[in-house]
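Please open the structure in a viewer and keep the selection tool at hand.

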Amino acid sequence: MNAEKKVAFYTLGCKLNFSETSTIARNFVSEGFKRVDFEEAADVYVINTCSVTDNADKRFKSIVKNALKKNDDAFLIAVGCYAQLKPEELAAVDGVDLVLGATEKFNVTSYINDLTKNNVGEVHSCEISDADFYVGSYSIGDRTRAFLKVQDGCDYKCTYCTIPLARGISRSDTLENVIENAKEISSKGIKEIVLTGVNIGDYGKGEFGNKKHEHTFLELVKELDKVDGIHRLRISSIEPNLLKDETIEFVSKSTSFVPHFHIPLQSGSDALLKKMKRRYLTDTYTNRVSRIKEVMPNACIGVDVIVGFPGETDELFLETYNYLNEMNISYLHVFTYSERPNTEAVNFEGVVPKKVRAKRSKMLRGLSAKKRRSFYESQIGNTLTALFESENKEGFIHGFTENYVKVKTPWNPKLVNTLHTITLTKIDEDGLVRFNFEKNKVTA
């Protein structure tokens, strides 16, 4: 390849997508491409798509348009979940040259011998049952923390979800490989690693998706805790039925795993959880939260919740609202239910009008703001450790404490990617927390 060729990436969706984009980008660089920002003119644009929200699907077209404004001769490639689910639809978008499904995305460089634009997008997708092998990946270079993929795919059959259709069966990286990647990340001076996957609590199912667990999630956590040079390890999102008491206990005593859990709930109504085919009821969820708060009173607990699922009456929505209101949690990620082809729920009765979905979403976002504020208030006066990010945001630098309180202080480039012991003092008018540095306490 000509060394002058430039490639740019745009990632929609989750942390897992970010880790995979980063790995695909490294493949391009090793083939002689120069990685540039998506806002710059490039010869190749790669868009890593998402299928979780309607919005992500719709944004694809405008991202393609933007890329072609920079260079109307650019070679445009779509990869990721939406590319697996609706390859023909993406290939039909004006200007798209290549669409790669779940098994091909990591071999993207082998598909582009010639960067001449195609009249019609070329599709290389697979039957999702062929996506039974594992490709490890991690993201670095974009942030002060890295996303490390440990698992892919999902064997759960939630009635609203297309992820098993887009990513295939549950399969995991080998323990040796995860540890190797973690060491590589820490050798680059990155202070925090976020473990990511589709269903990471299911970690251990073999590389080829065989059902035998080589290792458990707890073993993975214990081994990662031993890696030198990693200051912080964060568990991104874990199903309540797979978050075991032993893991909670271990995290509470660990020096590198932080007291922050993100646990999907989806509904506070047992009737709806059953309709969603979730693998737990609210009792299990309540127990997990109580256990975490018992051993880590200052832990941050984030919650995923879906509003507007078919059959969600006003009463059932209020059941969810009241359940969350009473729970000792720190913030919510609110998803508005959207119909997905080839899912069970698309045929369910009791469709909730879009306006009602929007209203409920707004109510839960309000509750989330209240919960976050209350959690931040509970942390004022505590001495914690902050890791600072790399952006100058209107004259301020932001950072996160181990328990995910977002803090700010006047911009100082020397603080980027450093850890400092701080005492939280007050909540600013923008909702972020101000603090005092503890004298002579630079952690790393």
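The model is a predicted one, in which local features need pLDDT of at least 70 and side-chain atom pairs count only at pLDDT 80 or more, while totals for chains, interfaces and linings use all residues. Residues are numbered from 1 along each chain as its sequence is written, and side-chain values use heavy atoms, with hydrogens and water left out.

Select residues 175-187 for H6 and residues 217-225 for H7; the two pack at an angle of about 35°, with their axes 10 Å apart. Helices are DSSP runs of H or I with at least four residues, and strands are runs of E with at least two, numbered from the N terminus. Axes are lines fitted to C-alpha atoms, for helices over the stretch in contact, and angles run from 0 to 180 degrees between N-to-C directions.

Next, display the side chains at this contact (heavy atoms within 4.5 Å). H6 contributes Leu175, Val178, Ile179 and Ala182, and H7 contributes Leu220, Glu223 and Leu224.

Now colour the domains, whose bounds come from an automatic or database domain assignment: domain 1 (6-130), domain 2 (132-258) and domain 3 (382-437). The centres of domain 2 and domain 3, taken over C-alpha atoms, are separated by 27 Å. Their contact takes nine residues from domain 2 and twelve residues from domain 3.

The term denotes a side-chain nitrogen of Lys or Arg within 4 Å of a carboxyl oxygen of Asp or Glu.

Finally, select Glu192 and Arg234, another salt bridge, with the closest N and O atoms 2.8 Å apart. Glu192 lies in strand S10 (residues 192-196) and Arg234 in strand S11 (residues 232-235), 42 residues apart.
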